Amino acid sequence: MVVDWQSRAAAKREAILKSIPEKWRLAKIPSAGEQKDITGPYIRQFLTDKEVEITETDAVGIAEKVAAGTWSAVAVTEAFCHRASLAHQLVNCLHETFFDAALASAKELDQYYAQHKRTIGPLHGVPVSLKDQFHVKDVETTMGYVGWIDTFEGATGDPRAKTFESEMVRELRALGAVLYCKTSVPHTLMSGETINNIIGYTWNPKDRYLCSGGSSGGEGALIGLRGSPGGFGTDIGGSIRIPAAFNGLYAIRPSSGRLPYEGMANSMDGQNSVLSVVGPLATTARSTKLLTKAILSTNPWLHDPLVVDMPWRDDQEQTIVDLLKSASSSAQGGQLSFGVLKSDGNVNPQPPVARAVSMVAEALSKAGHKVIEWKPPSHARLLDIVFHTWIYDGGKDVHEAFGLSGEPMAQQVKMSYGEKPVQEYTASQIAANNVAKRKFLKEYMDYWNGTARESGTGRPVDGFICPVAPYAAARPEKYLYYGYSSFVNGLDYTSVVVPVTTADKTEDHYPQGYSPISDLDKTTFDDYDAEIYDGAHVSVQIVGRRFTEEKMLAIAEYVGGLLGK
């Protein structure tokens, strides 16, 4: 029986707010017109100086302070619980809080440290936030669906609703991480904007006229407000990279099979042509590395059958470090080489994003590295392959999830899944799509290998720079093009996000007489408003080959340093 979805959603929404201690409640939430940017000085006014110091330290710094005995895990946890509470009230970024359990875990960590004078792992006392796909004991997982409230992934009476934990949750606990909240997602997960009928719309804290990204939009907004030093999202079409880019964060989309996905909730489970992957977002490159390296230290391939037996490879990282040292001491330089993709030929990036891509290319060139134009096989062909995979089942999975409660589908999701399911693909059609994908992968590989002829290093380029999206951050209901993120998923390449600058209304304008290259490019052009975008974060992604996580994280840290980030 379909019950009143509005009442169920309202009750859940109220429960989330009531889980925030009264002492941390805000008396007034300003409108975007009253306070566009709520980061930095605005949110700091509600915190003590000590809380500001703790929450504005990155994950590496927190781990070091706790390991040295300078800060207690309890003090760190309470500071982040407070700041996360403020963040949710300001931008709607949380689905679940479990602060009491987090403080109890932190207390146990402090007791262990007091007794043994050492930490239990590299994340001892570090708060880690989780996208609401992770199952955590005694914590609900709704994934934004009203019909999943009080169930286990929509199934009533399943005992796992209270007891089950995802594999990575187990690993994070073993590493000493403190888990304290789960963050908002768009229902279905299939949107670059985060919206659902439970918590509403998750806004961008740097510019509350804009979205926080999706589908890990709650992670992006929370970490952007420093309500978390780092957390984990997932990515099937850009869902880690988009929120990271829109919120000025570092992140990595690893290749599938590098980090464990076992035991997580998902949409379209069983679609294996383009797999969703899990990866970290954080305030610094070194923190993104810490989270990645820590998870790999738990041997996740022993617990997730899809994870490759590939521990963290210090030699891969060291190769980049050595090349960079050699470049800095060489009069000729040019020790690394990069492609630069300024446009994919379908939709041009808006002016702030175009400027950011050029800034990174120029910084690398100035530092002595070779930068060449990236002219790969048509991304449009690959995108057609990728987008087919999202509707293999004709939308049956997501429509059934909405049918559990009778709730409506957000417009941002409806553009992909329509009003009702359509014809499912046949086995032969799926096989043909997989063959087309394999052929394209080979063509792209051959193109990459061919760049050795012009790279200046004698080997193919080390990576290529391109937008994450055409937008610095999309306006509500205006995220219409996923081409710059989804092609990476089709290739299953490793990609890192690097924050570059902020949008500037005095500088970021289309050239006079600009002629759009497609109908969608015209829409993107028409939607751009320099005044609204002014001050928004602008980022790029640097794409590497498959399973190059160590290499790309080292490059991300280096490029961030070149940009003063």
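**Salt bridges across the domain interface**

I looked up the salt bridges between domain 1 and domain 2 and found four across their interface. I counted a salt bridge when a side-chain nitrogen of Lys or Arg is within 4 Å of a carboxyl oxygen of Asp or Glu. This is a predicted model, so I noted the limits: local features need pLDDT of at least 70, side-chain atom pairs count only at pLDDT 80 or more, and totals for chains, interfaces and linings use all residues. Residues are numbered from 1 along each chain as its sequence is written, and side-chain values use heavy atoms, with hydrogens and water left out.

I checked Arg-253 and Asp-492. They form a salt bridge, with the closest N and O atoms 2.9 Å apart.

**The two domains**

I took the bounds from the domain assignment, which is automatic or from a database. It gives domain 1 as 5-23 + 37-302 and domain 2 as 317-563. Their C-alpha centres lie 24 Å apart. The contact (heavy atoms within 4.5 Å) takes 55 residues from domain 1 and 63 residues from domain 2.

I then looked at buried area, the accessible area (1.4 Å probe) that two parts lose on being put together, summed over both. Domain 1 and domain 2 bury about 5,000 Å² between them. Carbon and sulfur atoms carry 59% of that area.

I also counted polar contacts. Such a contact is a pair of N or O atoms within 3.5 Å; within protein, one must be able to donate a hydrogen and the other to accept it, and residues adjacent in sequence count only if both atoms are side-chain atoms. Between the domains, 34 residue pairs are in polar contact, both at pLDDT 80 or more. On the domain 1 side, the elements giving two or more residues are helix 1 (5-18), helix 10 (241-246), strand 7 and helix 11 (285-296). Helices (H or I, at least four residues) and strands (E, at least two) are DSSP runs, numbered from the N terminus.

**Other salt bridges**

The rule gives 33 salt bridges in total. I picked out Lys-206 and Asp-37, which meet at 3.3 Å, N to O. Lys-206 lies in the loop between strand 5 (200-201) and helix 9, and Asp-37 in the loop between helix 1 and helix 2 (41-44), so the pair ties together parts that are 169 residues apart in sequence.

Next came Lys-50 and Glu-53, also a salt bridge at 3.3 Å, N to O. They are three residues apart in helix 3 (residues 49-55), so about one helical turn separates them.

**Burial and cysteines**

For burial I used relative accessible area: buried is under 20%, exposed over 50%, partly exposed in between (1.4 Å probe, protein chains only). Eight of the eight residues of helix 9 (residues 217-224) are buried, so the rest of the structure largely encloses this helix. Arg-226 follows helix 9 and has a positive phi, near 60 degrees.

I searched for disulfides, meaning pairs of cysteine sulfur atoms within 2.5 Å. The count is zero. For Cys-93, the nearest cysteine sulfur is that of Cys-181, 7.5 Å away. Cys-93 counts as buried because its relative accessibility is 0%.

**Ser-273**

I ended with Ser-273, in the loop between strand 7 (250-253) and strand 8 (277-282). At 13% relative accessibility, Ser-273 is buried. Leaving out residues up to four places away in sequence, I list its contacts as Thr-389, Tyr-392, Ile-430, Asn-434 and Lys-437.
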